[in-house]
Amino acid sequence: MARSDRPRLAVFKFASCDGCQLSLLDCEDELLSIAERLDIVHFPEASRRMLTGPYDIALVEGSITTAHDRERLTEIREQSGFLVSIGACATAGGLQAMRNFADVSDYARTVYPHPEYLSTLETSTPIADYVAVDYELHGCPVDKYQLLEVVLAFASGRRPQIARESVCMECKARGNVCVLVAQGQHCLGPITQAGCGALCPAYSRGCYGCFGVKEQAQVGPLIDHLRAHHGMTLSQARRSLRAYNPAAEPLQIIALQCDKDDVSGSKKGSGGHDG
Amino acid sequence: MTGKDIPIRAGLKTRRIDVDYLARVEGEGALMVDVVDGELRDVQLKIFEPPRFFEAFLQGRALTEAPDITARICGICPVAYMMTAVHALEAMLGIRPDEGIRRLRRLLYCGEWIESHVLHIYMLHAPDFLGFDDAITLAREHPDVVKRGLRMKKAGNDIVKLLGGREIHPINVRVGGFYKIPAVATFTALLDELKWARDAAAETVFWAAGLDIPDMHRDYEFVALRHDSDYPFSEGRIVSSRGLDVEMAQYPNHFAEHQVPHSNALHSVRKPDNTPYFVGPMARYNLNRDRLSSATRKLACEVGFDRTVDNPFESIVVRALEVFQAFDEAIGLIDNFFVPARAAEVVPAGGGVGVAATEAPRGLLFHRYEVGEDGLITLANIVPPTSQNQLTIEEDLRDLVASNLRLSERELTMRCEQAIRNYDPCISCATHFLRLQLRHG
């Protein structure tokens, strides 16, 4: 492929920790060949060269928390062929979406002596709340091999091959003992999307859901089970649902039910929402 | 990066350079330098990174959740955040993990310092010294240099991945110790690569010392931890080059955070005179050279660094020396592996006030928690290294611009960016994008 014909890749950041875009730089063995295959024309964390669009593929990290960022996102969408949101912040608001369940002015007063200097929205929301997104890659952080797969797939015009099953499937494949059944640990594996390789159970701890909620997750029944049989308190349930992907709808629904102290069998279905 | 002539006031001619995004830093910020009629008027380092309010949403969370939550402040140095939270909460609860856990924690720190420092040396800072936009274009002319850096970075990440579970936001750190201690053989399997990497780190030191390093000296107050015997990671007292020597818990009595209208990051100052201070590799190095391993000291002598370093552009060499030190220590820790009695100590019930400071790759990181008897956090205060260095960066830029007005706008802009990157600023931590707006006439 002639150098000028290479797909143009851009990386953008909103409110985030930089960890998901860092995953690209953490591809130590692959980075230089990726840079041959794609023209990385906008990646401020890595380069002073920041070319204007249009871009063939845009990777977008972070959540939308300011009016200015909302406008910037709209411009990015207009300039981009495929727009891929990467990570828990971009796909489910990130940890900072905990503000969505609090009074943000209280938050600002807690952290800053002069909250009036700040400009921030009441909420932290996923990219797909504002613009059309071609693909959402889960994870806090994303898995670098999944990120490579997504980038290379869009670069060659095919859909990414990313498993949408639960962490439990990876856990079984890895041969882990089930930490929920055997040890009674509060494991969110059954409702969490695969991708991490069932890392936490492999390290003897329950999954805490950093890869976000899987499609058709039965959030209510799992929480109900953990509360009934494994000593999970309402407060623990609420905190585990409002953590790394708090704006994911199936988690929000059950967290709200926890708020009402009303996690009952009849009301807890997630309704098949996609996280 | 455009330069154009625009009049700002009658009779004065002002040129403005806009760099819409300061690259190769972690986060979003801007620099504004005002020079009118050949005189420097103002320097402001602006941090646009939107606030994420970590200290607020830590309130009401269980103390055991603090390590995983605070990790998300920074994708590049999550271990530092996790471990500072762990140390603060263990101090509060009276938990004292054994020597095996202490050593594994040092090993984890070694891994993070390596991946973070090597990323900065090779991918973020070196392109400034060699006149490239990034490491990818640098690799076209110097492929062996960049490949060496990438392989070293991977060796550091391999330590974090083994002990932490993954490179970014590790999952194996908990209050009291670890969830699981990997088998000894999995550590010794890293040794060959770590030994290659230690040699590569020595080559990196010579290579960095041979770069064309701008000359600049200022009288800084360096602040870092200092430990009885070891190069500081997470133990010791807070000391400074101007005689401060206090316990970690005394930090709030000697340092304060101020908010300025132009930045979403708080600025830290030394009490009582609100003066700037300097944290990070150079501060650690100047205050702890006698705590380096004999091999690191020997290497430092060979490149003429057996001295106080007060030129921030030489920080790239100091970082390389710290990378060597970290590989050297990591190899020692694995060679003399000390299996902990248990993976973690039991976390007792109760609350109180917990305070700790550790040395993140970018410098001193301070955490303070107040916890209720129910184990839920009621107050959290986190002071990252970049907000502590922010005033010092502004003063460096003031000095640099004032003494380099003869440079072309492009050269001066590049030099200012390089000077900011001397501090490896992590703006995601300090709340991140640097937009360089240099106006001068």
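**Figure 1. The two domains of chain A in the predicted model.** In this predicted model, chain A is divided into domain 1, covering residues 3–155, and domain 2, covering residues 167–259. The C-alpha centres of domain 1 and domain 2 of chain A lie 26 Å apart, and the contact between these domains takes 18 residues from domain 1 and 15 residues from domain 2. About 1,200 Å² is buried between domain 1 and domain 2 of chain A, with carbon and sulfur atoms giving 63% of that area. Across this interface of the two domains of chain A there are 0 salt bridges, while 3 residue pairs, both members at pLDDT 80 or more, are in polar contact. On the side of domain 1 of chain A that touches domain 2, the largest share, 3 residues, comes from helix 4 (residues 87–92) of chain A. By class, that side of domain 1 of chain A divides into 10 nonpolar, 7 polar and 1 charged residues.

Figure 2. Chain A contains 11 helices and 5 strands, and of its 275 residues 59% count as buried. Among contacts in chain A between residues at least 6 apart in sequence, 70% join residues at least 24 apart. Thr123(A) is found in the loop between helix 5 and strand 5 (135–137) of chain A. With a relative accessibility of 29%, Thr123(A) counts as partly exposed, because that value falls between the limits of 20% for buried and 50% for exposed. When neighbours within four places in sequence are left aside, the residues in contact with Thr123(A) are Ile64(A), Thr65(A), Arg99(A) and Asn100(A). Tyr135(A), by contrast, is 12 residues from Thr123(A) in sequence and 22 Å from Thr123(A) in space, taken C-alpha to C-alpha.

**Figure 3. The interface of chain A and chain B.** Here 62 residues of chain A are in contact with 69 residues of chain B, and the two chains bury about 5,800 Å² between them, 60% of it on carbon and sulfur atoms. Within chain A, Glu28(A), Arg48(A) and Tyr203(A) lose the most area to chain B, and together these residues account for 16% of what that side buries. The interface of chain A and chain B holds 8 salt bridges; in the pair formed by Asp68(B) and Arg205(A), the closest N and O atoms are 2.8 Å apart. Between chain A and chain B there are also 23 residue pairs in polar contact, both residues being at pLDDT 80 or more. Several helices of chain A each supply at least two residues of the side that touches chain B, among them helix 1 (19–25), helix 3 (67–79) and helix 8 (199–202). Helix 5 of chain A gives the most to this side, with 5 residues. By class, the side of chain A that touches chain B has 34 nonpolar, 11 polar and 17 charged residues.

**Figure 4. Salt bridges made by helix 8 of chain B.** Over all chains the count of salt bridges comes to 43. One of the pairs joins Glu193(B) to Arg151(B), with the closest N and O atoms 2.7 Å apart. Because Glu193(B) lies in helix 8 (residues 191–209) of chain B and Arg151(B) in helix 6 (residues 143–164) of chain B, the pair ties together parts that are 42 residues apart in sequence. Glu193(B) is partly exposed, at 27% relative accessibility, and Arg151(B) is likewise partly exposed, with a relative accessible area of 38%. Another salt bridge joins Arg198(B) to Asp328(B), the closest N and O atoms being 2.6 Å apart. This second pair links distant parts of the chain, with Arg198(B) in helix 8 and Asp328(B) in helix 12 (residues 315–335) of chain B, 130 residues apart. Arg198(B) is partly exposed at 22% relative accessibility, whereas Asp328(B) is buried, with a relative accessible area of 15%.

Figure 5. The side chains of Arg421(B) and Glu417(B) meet in a salt bridge at 3.0 Å, N to O. Both residues, Arg421(B) and Glu417(B), lie in helix 14 (residues 409–421) of chain B, 4 residues apart, about one turn of the helix. Arg421(B) is buried, with a relative accessible area of 0%, and Glu417(B) is buried too, at 1%. Elsewhere, salt bridges that share partners join Asp26(A), Glu28(A), Lys144(A), Lys153(B) and Glu167(B) into one network.

Notes
Residues numbered from 1 in each chain as written. Chains lettered and ligands numbered in written order. Heavy atoms only, no water. Contact = heavy atoms within 4.5 Å. Buried area = accessible area lost by both parts, 1.4 Å probe. Salt bridge = Lys/Arg side-chain N within 4 Å of Asp/Glu carboxyl O. Polar contact = N/O pair within 3.5 Å; in protein donor to acceptor, adjacent residues only side chain to side chain. Nonpolar A, V, L, I, M, F, W, Y, C, P; charged D, E, K, R; others polar. Domains from an automatic or database assignment. Buried < 20%, exposed > 50% of the residue type's maximum accessible area, 1.4 Å probe, protein only.
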